[in-house]
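Q: Hi! Could you walk me through this structure while I have it open?

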Amino acid sequence: MTSRRSKDGDIEAGRGPRLDGYLSRAGLASRKQARALIRQGRVSVDGKVCRDASRRIEDEIVALDEALVDSPVERADYLMHKPVGVACSHDEREAPLVFDLLDDTFRHRKLKIAGRLDRETSGLLVLTTDGDFIHRMTHPTRKVAKRYRVTYRGTLPEDAAQRCREGMLLTGDETPTRPAELSVEGAGRATLVLREGRTHQVRRMFRAMGAIVTALHRDRVASLELPADLDPGDLRPLEPEERALLLRDSSL
Ligand code: URA
């Protein structure tokens, strides 16, 4: 399995973050706004105005409008396009793992997955060092919406959408599923939006309705869509605006 770097090369082995990334991680601005501040000459590095957003920062002193910018906290959030065939696990016995797709720069961080996908499911995956973020994204009381594109074999019953809306008791579960939105798009294709995350939930719901899921892809979590330019297997740091989109719709 090849190891990947973030697309914009934000962090590279042995090098600090870019100046625009440094400012955005410090919570001062989005990456785009940071570039504008840098262009306007409002940012200095070791006392000199720096107009180069790609300048790497190791332990230099960064200031915005002459106010010192604290070094960004060691929180790290990444967005991955999970490919089919890798497990969302730290257990080497389940290899290949999504963590095998990270290069050493990312791997040393204590990254955890905010909302796992099955080995055979592809799509939007968030990796983070922030336990509170994981809780906010995954706790059932938050009801964060996850949209799945489903390809299936077999025929769904006419009342499939109603059954998903009303909830169904799946084998081995003690409570019915929470209301979910099913749209059947014809020719074995459907979209299902869940607001909880039970093990193999989409596959089990389809099986309970008499169909077999043959391909599953998560293309949206809360208000964040999987970026079209993120290829399967790639990951990059999550932008502050994307983090906000992920948390915007949580119900607490
Ligand atoms: N439901 C599933 O069945 N699998 C996933 O990976 C996610 C939701």
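A: Happy to. Strands here are DSSP E runs of at least two residues, helices are H or I runs of at least four, and both are numbered from the N terminus; two strands pair if DSSP finds at least two bridges between them.

Q: Before we go on, what kind of model is this?

A: This is a predicted model, where local features need pLDDT of at least 70, side-chain atom pairs count only at pLDDT 80 or more, and totals for chains, interfaces and linings use all residues. Residues are numbered from 1 along each chain as its sequence is written, and side-chain values use heavy atoms, with hydrogens and water left out.

Q: Which way does S11 run against S7 and S8?

A: S7 and S11 run parallel, joined by three bridges, with Thr-121 opposite Leu-216. S8 and S11 pair in the antiparallel sense over nine bridges, and Arg-153 stands opposite Ile-212 there.

Q: What about S5, what does it pair with?

A: S5 pairs with S7 in the antiparallel sense over six bridges, where Asp-77 stands opposite Thr-128. S5 is also joined by three bridges to strand S13 (residues 235-237), again antiparallel, with Tyr-78 opposite Pro-237.

Q: How many residues of S5 are buried?

A: Six of the six, so S5 is largely enclosed by the rest of the structure. Asp-77, Leu-79 and His-81 are buried on one side, and Tyr-78, Met-80 and Lys-82 on the other. In a regular strand the side chains alternate between the two faces of the sheet.

Q: Nice. Which residues have the most contacts inside the largest nonpolar core?

A: They are Leu-127, Val-150, Leu-192, Val-202 and Phe-206, in a core of 35 residues. The elements that give two or more residues to this core include strand S5 (77-82), strand S7 (121-128), strand S8 (146-154), helix H6 (201-208) and strand S11 (211-221). At least three core residues come from each of domain 2 (77-140 + 224-249) and domain 3 (145-221), bounds that come from an automatic or database domain assignment. A second, separate core has 16 residues, among them Leu-79, Leu-124, Val-221 and Leu-230. By nonpolar core I mean a set of buried Ala, Val, Leu, Ile, Met, Phe, Trp, Tyr and Cys residues joined through side-chain atoms within 4.5 Å.

Q: And what does Val-150 touch?

A: Not counting residues up to four places away in sequence, Val-150 touches residues including Leu-192, Val-202, Phe-206 and Leu-216. Contact here means heavy atoms within 4.5 Å.

Q: Switching to the ligand: which residues are around it?

A: Leu-117, Asp-118, Thr-121, Tyr-148, His-200, Gln-201, Val-202, Arg-203 and Leu-216, each with a heavy atom within 4 Å of it.

Q: Which backbone atoms lie by an oxygen atom of the ligand?

A: A polar backbone atom of Asp-118 is 2.7 Å from a ligand oxygen atom. For a backbone N or O atom of Arg-203 the distance to an oxygen atom of the ligand is 3.1 Å, and for one of Gln-201 it is 3.4 Å.

Q: Last one: what is Leu-19 in contact with?

A: Leaving aside neighbours within four places in sequence, its contacts include Ile-38, Val-43, Cys-50, Asp-52 and Val-62. Leu-19 is found in helix H1 (residues 19-25) and counts as buried, at 0% relative accessibility. Leu-19 and Asp-52 are 33 residues apart in sequence and 7.6 Å apart in space, C-alpha to C-alpha.

Notes. Buried means under 20% relative accessible area, exposed over 50%, partly exposed in between (1.4 Å probe, protein chains only). A polar contact is a pair of N or O atoms within 3.5 Å; within protein, one must be able to donate a hydrogen and the other to accept it, and residues adjacent in sequence count only if both atoms are side-chain atoms.
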